[in-house]
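This briefing is meant for a reader who is meeting the structure for the first time. Please keep the sequence and the 3D view at hand while reading the points that follow.

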Amino acid sequence: MRRSWLPVVLSAALLTAACTDSNPKPEATNSAAPSVSPSPAGPDYSVWAAGRSTPVADPVYPNYGNSGVDVLHYGLDLAWQPETKTLTGTATLQLRAAADLTEVKLDFSKAYALDGVTLNGVAATGTVADTKLTVPGTVAKDAFATLVVKYHGTPTTVPMPSHRSDVEPLGLTVTKDGGLWTMQEPYGAATWYPVNDQPSDKALYDIAVTVPDGWSAIASGTLKSQDGNTFKYTAAQPVASYLTTLAVGQYKKEAATGPHGIPLTYWYRQGPDDKALPYLRKSPQYLDWLEKHFGPYPFDSAGVLMVPSVSGMETQQMITMGLPDYGNDANFKAGFDADLLHEYAHQWFGDAVTPTNWNDLWLNEGWASYAQHLYTNERDKVTAKQWEDWARGVDARLRKNLGPPGKPKADSFAESNVYMCPALMLHQIHKQIGDAAFFAMATDWAQKNRGTTQDRASFIAFVNQHTGKDFTSLINTWLDSPTTPK
């Protein structure tokens with residue numbers, strides 16, 4: 001969902017910031033023909049091969065996701081009417097059955113009425129109940145199918161399972177002036193399209209959004225065209241559902257160029273977001289700093305979307321940022337700068353390489369937080385020892401209050417223990433192997449695993465193989481210990 005928030009604590013010398021952390025309708029059914037088995041004829045699914053995943057059931061939020069379904073591609077054709085606050089959508093999903101299926105079950109909000117469902121071109125019965133869309137129809141394991149869902153309704157959000165100070169409802173949010181925005185980690189994507197809403201099922205995306213005159217639509221991916229009032233975005237590299245974004249509003253657009261020609265786009269609201277603009281325009285510098293440490297930026301475009309939130313989120317290729325209350329101008333200058341660097345760091349750690357399940361959120365936040373602290377320490381002339389002395393005190397308090405980072409509590413999503421504690425663990429590895437070996441390892445982790453999902457076991461194996469040393473005990477201790485390891 002939204003990203004990381006870490007309390008801004010510190011003396012002036014150690015200024016570090018945090019990241020950025022219509023009424024539902026009754027069960028809806030479309031009157032359609034009985035469920036059918038998909039026809040073996042159909043499109044060439046190999047064109048979506050990059051979206052193939054190995055879905056696994058998520059142990060933290062087992063009510064979301066379906067390990068039997070591997071969505072290869074989402075084609076979302078959406079239209080937003082601010083006056084009636086109605087979202088109309090046609091979602092076309094190309095999918096692979098990861099197990100023998102007698103029904104296709106996906107996450108979807110019951111705020112929407114179904115206007116029609118087809119499975120491989122044959123009308124099917126779709127039912128929305130609780131948080132699930134169920135479409136009967138047999139699909140053999142490893143067979144492909146195309147599911148089309150037409151729907152309309154007023155988006156509604158769901159509660160975020162966390163105690164963070166920047167907690168907001170998850171999912172597609174309707175603003176007072178009829179705009180839209182979303183942050184949706186860990187499971188808010190289902191508030192605007194039918195989705196396999198779990199991190200292990202990454203997919204390709206094409207998103208088209210039609211809006212009224214004078215309005216803009218922004219989505220994750222790269223803006224490929226604007227045809228009248230329809231904005232079309234493409235994500236050619238696989239995306240986890242929580243990393244998609246959508247916003248509609250009366251936005252200003254600014255284009256720039258990053259390192260080696262990366263196209264950058266900044267979307268902002270004139271007036272409310274003016275103070276953020278100098279930092280959005282620093283994006284080429286952020287990317288340059290990150291590339292020097294972690295290798296080439298992993299996607300074909302980048303940018304920042306400003307929304308009326310108090311948090312921020314590393315949505316893929318188009319970061320979604322709000323403006324928290326930092327307290328004063330000095331804290332804003334230091335904090336927003338650090339937060340935006342943090343979200344850009346996630347493009348390598350969390351976006352290009354995504355955790356297989358939510359127990360391993362530390363893989364995202366530990367790396368992005370450590371990158372953030374390396375950046376702010378360099379910026380503020382804080383030594384590694386000064387930072388570690390401070391960080392150990394923070395780590396001790398977090399482990400006492402929130403527990404270790406390796407098995408987070410379901411009701412405490414993305415709290416500060418999954419940020420600082422694994423960042424300090426990475427620092428221990430860094431100290432032992434030195435700058436050259438550490439950044440070579442970090443670069444290879446992000447570059448060689450691009451487009452995949454990973455977990456603790458694969459990370460340990462990678463570190464041990466890459467360094468030629470056995471860090472198994474160190475990593476497990478830092479992830480599982482109730483107190484700060486010595």
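**Briefing**

In strand β18, P263 is the bridge partner of T257. The model is a predicted one, in which local features need pLDDT of at least 70 and side-chain atom pairs count only at pLDDT 80 or more, while totals for chains, interfaces and linings use all residues. Residues are numbered from 1 along each chain as its sequence is written, and side-chain values use heavy atoms, with hydrogens and water left out.

**The chain as a whole**

- The protein chain holds eight helices and 23 strands, where helices (H or I, at least four residues) and strands (E, at least two) are DSSP runs numbered from the N terminus.
- The radius of gyration of the protein chain is 22 Å, which agrees with the value near 23 Å that a compact globule of 486 residues would have; this radius is taken over C-alpha atoms, and the globule rule is 2.2 Å times the number of residues to the power 0.38.
- Along its principal axes, the C-alpha trace spans about 70 × 50 × 40 Å.
- Of the 486 residues, 62% count as buried, a term that means under 20% relative accessible area, with exposed being over 50% and partly exposed in between (1.4 Å probe, protein chains only).

**Nonpolar cores**

- The largest nonpolar core has 75 residues, and those with the most contacts inside it are Y74, L78, L147, Y151, W192, Y193 and Y205; such a core is a set of buried Ala, Val, Leu, Ile, Met, Phe, Trp, Tyr and Cys residues joined through side-chain atoms within 4.5 Å.
- Strand β2 (residues 69-81) supplies the largest share of this core, namely six residues.
- Another core, of 68 residues, lies apart from it, with Y266, L277, V382 and A442 among its members.

**The sheet around β18**

- Five strands form an open sheet in the order β17-β18-β19-β21-β20, with mixed pairing, and two strands pair if DSSP finds at least two bridges between them.
- The edge strands of this sheet are β17 and β20 (312-313), each of which pairs on one side only.
- Strand β17 (residues 252-257) pairs with β18 in the antiparallel sense over six bridges, and the two form a hairpin with five residues between them, where H260 in the turn has a positive phi of about 40 degrees.
- On the parallel side, four bridges join β18 to strand β19 (residues 302-306); here L264 stands opposite A302, and Y266 stands opposite V304.
- Strand β18 (residues 263-268) is mostly covered, since five of its six residues are buried.

**The hairpin of β10 and β11**

- Strand β10 (residues 171-174) and β11 pair in the antiparallel sense over four bridges, with W181 as the bridge partner of T173.
- Five residues separate β10 from β11 in their hairpin, and G178 in the turn has a positive phi of about 90 degrees.
- Both faces of β11 (residues 180-183) are covered, as L180 and T182 on one side and W181 and M183 on the other are all buried.

**Backbone details in loops**

- The peptide bond from E185 to P186 is cis, with omega near 10 degrees, and P186 lies in the loop between β11 and β12 (203-210).
- K85, in the loop between β2 and β3 (86-97), has a positive phi of about 55 degrees although it is not a glycine, and K85 counts as partly exposed because its relative accessibility is 30%.
- A414, in the loop between α5 (384-402) and α6 (417-448), likewise has a positive phi of about 55 degrees without being a glycine, but A414 counts as buried because its relative accessibility is 2%.
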